[in-house]
Amino acid sequence: MRPDAVHRVLDTELAAARERRGGDAPRVLDVGGGSGVWAVPLAAAGCHVTVVEPSPNALATLHSRARDAGVTIEAVQGDTDALGDLVPAGAADLVLGHGLLEIVDDAEAGLRALALAVAPGGAVSVLVANRYAAILHRAIAGRIVDARRLLDDDAGQLAGSRDPLVRRFDVAGLEALVEKVGLTVEVLQGHGVVSDLVPGVVLDANPGAAEALAQLELEAATRSPLRDVAARLHVLARR
Ligand SMILES: C[S@@+](CC[C@H](N)C(=O)[O-])C[C@H]1O[C@@H](n2cnc3c(N)ncnc32)[C@H](O)[C@@H]1O
């Protein structure tokens, strides 16, 4: 299976970082890295990976995943508020904040902390939930009242419910936030533009459909207005 739009951008970024380092392993910092969904494959691909994560349970799963994959990951228990005390400033080639800015108390402070950890010339990769996709997906599922409440909420949160997210983003808001902390947006693309909408049974029943969908997804990822309603928005921003 070909890499999706986010992996493709990260692969290019890490290849450039490796070249800058004269062939040495790129240094990746994954903040809110959870159980290692991104961290473990990056370590397996030859990166030096540090995960900062507050949840002991997530860290336990991360350790076991890393062990199973035969890779070493430096895992630090902590959060964005303490990031400056936990990792050296300006040292990482690539800082990941995936699924993070929707749940931290202060998204601007969180992103500022990530930006401080990046080496000059390095990049921050941010992956966040898209508020408009959340509205569409609920409406399609018949959850019309929830869709309307999400539309009406300024932060894109399903207020008053058990919404695990504090906020969701749109393209303009995400771009403005990234620039506010002094980073330059290099890539702003969608993740899950069409792939999240196609049921697995459709793919199973049609030979070649999965590959065709992956190609369609890649093409749609950067094309507005399709990109703008992707399930998640991805930014690669340069320091
Ligand atoms: C939705 S998960 C994303 C995990 C992983 N980055 C991924 O994309 O699969 C969010 C993670 O952020 C962690 N987290 C929550 N608040 C945080 C904070 N203030 N600083 C760092 N991580 C935090 C949570 O414990 C959780 O593991």
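I took strands as DSSP runs of E of at least two residues and helices as runs of H or I of at least four, numbered from the N terminus. I was working on a predicted model, where local features need pLDDT of at least 70 and side-chain atom pairs count only at pLDDT 80 or more, while totals for chains, interfaces and linings use all residues. Residues are numbered from 1 along each chain as its sequence is written, and side-chain values use heavy atoms, with hydrogens and water left out.

For the second largest pocket I noted about 180 Å³ of space, a volume being the space filled by probe spheres set on grid points joined across faces, edges and corners. A pocket here is an open set of points on a 1 Å grid over the protein atoms alone where a 1.4 Å probe fits, with protein on both sides within 12 Å along at least five of seven lines, and its lining residues have an atom within 4 Å of a point. Among the lining residues I found Arg-27, Val-28, Leu-29, His-48 and Thr-50.

I then turned to the largest pocket, which has a volume of about 340 Å³. Of its 19 lining residues, Pro-54, Thr-80, Leu-100, Ile-103 and Val-104 are the closest to the centre, and the elements giving two or more residues are β2 (48-53) and α5 (107-117).

Last, I checked the peptide bond from Ser-224 to Pro-225, which is cis with omega near 10 degrees, and I placed Pro-225 in the loop between α10 (209-220) and β7 (232-238).
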